Amino acid sequence: MAISLAAGSALSPLQAAARGLLAPDALGPDYYPPRLTGMRGSHAGSFEVAHAVGREGRRYEPPAEQTDPTYDLVVVGGGLSGLAAAWFFRETAGREARILVLDNHDDFGGHAKQVEFEVDGRRLISYGGSQTLEQGDIPPAAKRLLHAVGFDAAAFEKYFDRAFYQKYLQPGIYFDAERYGESKLVRSPLGTLADLVGVERSQEDAAMIAEFPVSEAAKRQLTGLFTATPESVYPELSGEGALRKMLTQSYETFAREEHGLGDEACGVVRDYLKGPGTQLGLDSVNVLTGNLFNGLPIPGLTGLGDDVLQMLGLGPSASPSQPYIHHFPGGNSGIARLIVRDLIPDVAPGGTQEDMVLARFDYGRLDAAGSPVRIRLNSTAVDVRHGADGKVVDVTYVQGGAAYRVRGSHCVMACYNHVLPWICPEMGEEQKTALRYASKTPFAYTQVALRNWRAIEKSGHGMVYSLGAFVSEFWLDFPVSMGGYEYPKDPDGPTVVTAYPIETPDRSGLSPREQFRVGRAAMLARPFAEYEAAILSQLDKVWGPYGMDAARDVAAITVNRWPHGYAYTYDPLWDPREYDAFADTGPHVAGRARMHRVSIANSDAGAMALVQTAMDQAHRAVAEQLAIAG
């Protein structure tokens, strides 16, 4: 079955432009990256130049003569942080400020990519990475930006259909016959996205576990973990003492030592942690992370005391948690599109978050001559240094194999931190060392367009965790209707299912940073055909008994591969306790140090994989530059 649009040896004009082989002004009306399928994310043409510089030591000599005009600001990186940097700079410098944004991908938004399919006459909109704008502590500057571009959080209370989760997305666990002696899909007591959107779930954990095809001993152990009600997490500790141990003990050690789980019982929940949040198993995350980010139980948590619970946002007087519903049909690509349309109004009609949803952006206008703000895709920065007088920054970038040089009065680096030591020759060794500490989490959000989802409806489980499988999770896309777009409600019609592959090694004993490097290498080496085969096989295993035939029912697959994915977040289980993103302490602080007219902005610079972190770091970087006199 040929699913990928990338199949074949000849490149279409769209594919050639996407690989930087055509100049920006050659983009025609058919250039629309959200419609591309096959291997996306870090797609062919987006990373090879950077790898040649960072891995092979290749050097691109800056052209002797400047090939581009001089800008007030050059931003390297067109993700949410880079786009926010352009917006904040224009806010202060004025609408006539000349700004150029360079990005190595064929689309803007970084991980916040829009994914679209056309299936049986139905347009399906989904996301390729960054999912949802969590409404926790959003800094004032980010709030100001979001309001100015038209984002309205309150409207999602009506746009997001929580009842759909209750009806169709009851979580399930799939046990494979190869490991458990029989193939079985049963209800799951594990936390899911349904919990995050505030949907009531059954608490019959013991009844669910009784259906697992595992030994009676493993059932008893799991039931004990999920139903225990001790007075404290640890018999000998309470309050802050218990909290400290939770932060420095792995969840697997906790499950074994405090609740007697053996190998078989641990195996049932081990890989669940490796979902979209961490890519790490039970042995690699602390107890608190296992609960707060992945929903695994911590019996006796209330025994910590109200003061500690309130500090964690769990106490009776703590602020109510925000539901996970602020999700555009295209995920956080909706935020990126709102910012781009505000920066370059000609790119798409309209002015609200609603009319943005169905708007087809004109990519030919992103880099239009005469526009104060220009976004240049398929362009990889390879050398960033000050001019001789120290009052300008020269940025050399490669597009289509050729090197170009643009000059800016200021520069904001909003790209991947690890590449900076190789492309910023003026950077000191201490800063280089600090930048190399973190290792981004690799992930692949894979969107599968189905012609119908009758088998999913029949199974009663629209969200499934597959024990020990490479494709570890499936879930129906977020049920969001807005701006004339209606999420797929009819099981007889097409829909999108997200598949989540796992690349990090299991029980390796490696630190998270080392696991991420291993996973990244595996991801870059894996061809689309392997992802495709694994997804089709797992779909048939999980929902085949309910009538699914993947070869018949799958219309297209888009693998959004992000080897350099989420920003690294410190974990006291592995990192020194003084490294704390919330307290803004750790190597990321030294790593983001300003280099005169070059500032660093991205979520890496805040050590947190959140939209608001990316925006806040953009605001800091721009403020650093605007404070420079002359």
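Hi everyone, let's start with helix α24, which gives the largest share of the lining of the largest cavity, three residues. This is a predicted model, where local features need pLDDT of at least 70, side-chain atom pairs count only at pLDDT 80 or more, and totals for chains, interfaces and linings use all residues. Residues are numbered from 1 along each chain as its sequence is written, and side-chain values use heavy atoms, without hydrogens and water.

A cavity here is a set of points on a 1 Å grid over the protein atoms alone where a 1.4 Å probe fits but cannot get out, and lining residues have an atom within 4 Å of a point. Helices are DSSP runs of H or I with at least four residues, and strands are runs of E with at least two.

How many cavities of 30 Å³ or more does the search find? Seven, across the whole structure. The largest has a volume of about 160 Å³, counted as the space filled by probe spheres set on the points. Among its 18 lining residues, Asn-417, Leu-435, Ala-438, His-588 and Asp-604 are the closest to its centre. Both α19 (429–435) and α24 (587–591) supply at least two lining residues.

You'll find Asn-560 in strand β16, residues 554–566. Is Asn-560 buried or exposed? Buried, at a relative accessible area of 2%, where buried means under 20% and exposed over 50%, with partly exposed in between (1.4 Å probe, protein chains only). The Asn-560 side chain also reaches the backbone oxygen of Tyr-445 at 2.7 Å.

Note on methods
On a 1 Å grid over the protein atoms alone, a cavity is a set of points where a 1.4 Å probe fits but cannot get out, and a pocket is an open set with protein on both sides within 12 Å along at least five of seven lines; lining residues have an atom within 4 Å of a point. A polar contact is a pair of N or O atoms within 3.5 Å; within protein, one must be able to donate a hydrogen and the other to accept it, and residues adjacent in sequence count only if both atoms are side-chain atoms.
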